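Dear colleague,

I am handing over a structure that is new to you, and I would be glad if you could look through it before reading my notes.

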Amino acid sequence: MEMNRETLTEFLKSEFQQVADMFAIDDVEPRAVTVRLLHDERHLRPGGTVSGPAMFALADVSVYLAILSMIGPKALSVTTNCSIDFMRKPAAGVDLICQARILKLGRILAVGDCLLFSEGLDDPVARASLTYSIPPDPR
């Protein structure tokens with residue numbers, strides 16, 4: 001692994017200051033991370049549930065961090081595809097937790113998937129599959 005919990009957290013703070021305070025990294029393992037979207041009223045939509053864009057952001061950031069944990073701090077890695085299934089209403093008032101894993105890590109593309117859970121509940125609220133483009137090594 002190229003980056004651990006601490007270095008990923010510092011990377012988010014330095015490169016993505018605008019959203020770094022929204023997330024906390026709980027765990028980093030080879031090819032997998034657990035990340036939480038910290039509860040905040042700004043993530044809610046009418047009806048007392050977490051908004052779809054907030055859930056997408058959690059899935060996107062989680063797979064991004066899982067990839068960076070393996071390849072190092074390549075800020076220009078970008079999402080090229082995302083498919084997300086919203087399966088049940090997330091609970092309001094609690095953190096949303098994402099368990100992300102890398103399914104394929106190539107030189108140019110990485111594919112990951114994740115499950116999102118409301119903290120304290122066993123059943124996932126969403127699942128997502130994402131593909132990332134990795135910038136070529138300049139060497």
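A salt bridge is counted where a side-chain nitrogen of Lys or Arg lies within 4 Å of a carboxyl oxygen of Asp or Glu. By that rule the structure, which is a predicted model, holds 9 salt bridges.

I begin with the pairs. Arg-5 and Glu-6 are joined through their side chains, with 3.9 Å from N to O, and both ends are partly exposed, Arg-5 at 41% relative accessibility and Glu-6 at 48%. Another salt bridge links Arg-42 to Asp-40, where the closest N and O atoms are 3.4 Å apart; here Arg-42 has a relative accessible area of 48% and is partly exposed, as is Asp-40 at 30%.

A further salt bridge is formed by the side chains of Asp-113 and Arg-101, at 2.8 Å from N to O. This pair links distant parts of the chain, since Asp-113 sits in strand β7 (residues 109-118) and Arg-101 in strand β6 (residues 96-105), 12 residues apart. Asp-113 counts as buried because its relative accessible area is 16%, under the 20% limit, whereas Arg-101, at 46%, is partly exposed.

Next comes helix α2, which has 20 residues and spans 29 Å from its first C-alpha to its last, close to the 28 Å expected at 1.5 Å a residue. The helix is mostly covered, with 14 of its 20 residues buried, and after it comes Gly-72, whose phi is positive, near 95°.

Finally, please look at Val-33 in strand β2 (residues 32-37), which counts as buried because its relative accessibility is 3%. Leaving aside residues up to four places away in sequence, Val-33 touches Asp-27, Val-28, Ser-62, Leu-65, Ala-66, Cys-98, Gln-99 and Ala-100. With Cys-98, which is 65 residues away along the chain, the C-alpha separation is 8.1 Å.

With best regards

Definitions and conventions. Residues are numbered from 1 along each chain as its sequence is written. This is a predicted model: local features need pLDDT of at least 70, side-chain atom pairs count only at pLDDT 80 or more; totals for chains, interfaces and linings use all residues. Side-chain values use heavy atoms; hydrogens and water are left out. Helices (H or I, at least four residues) and strands (E, at least two) are DSSP runs, numbered from the N terminus. The expected span of a helix is 1.5 Å times one less than its number of residues. Buried means under 20% relative accessible area, exposed over 50%, partly exposed in between (1.4 Å probe, protein chains only). Contact means heavy atoms within 4.5 Å.
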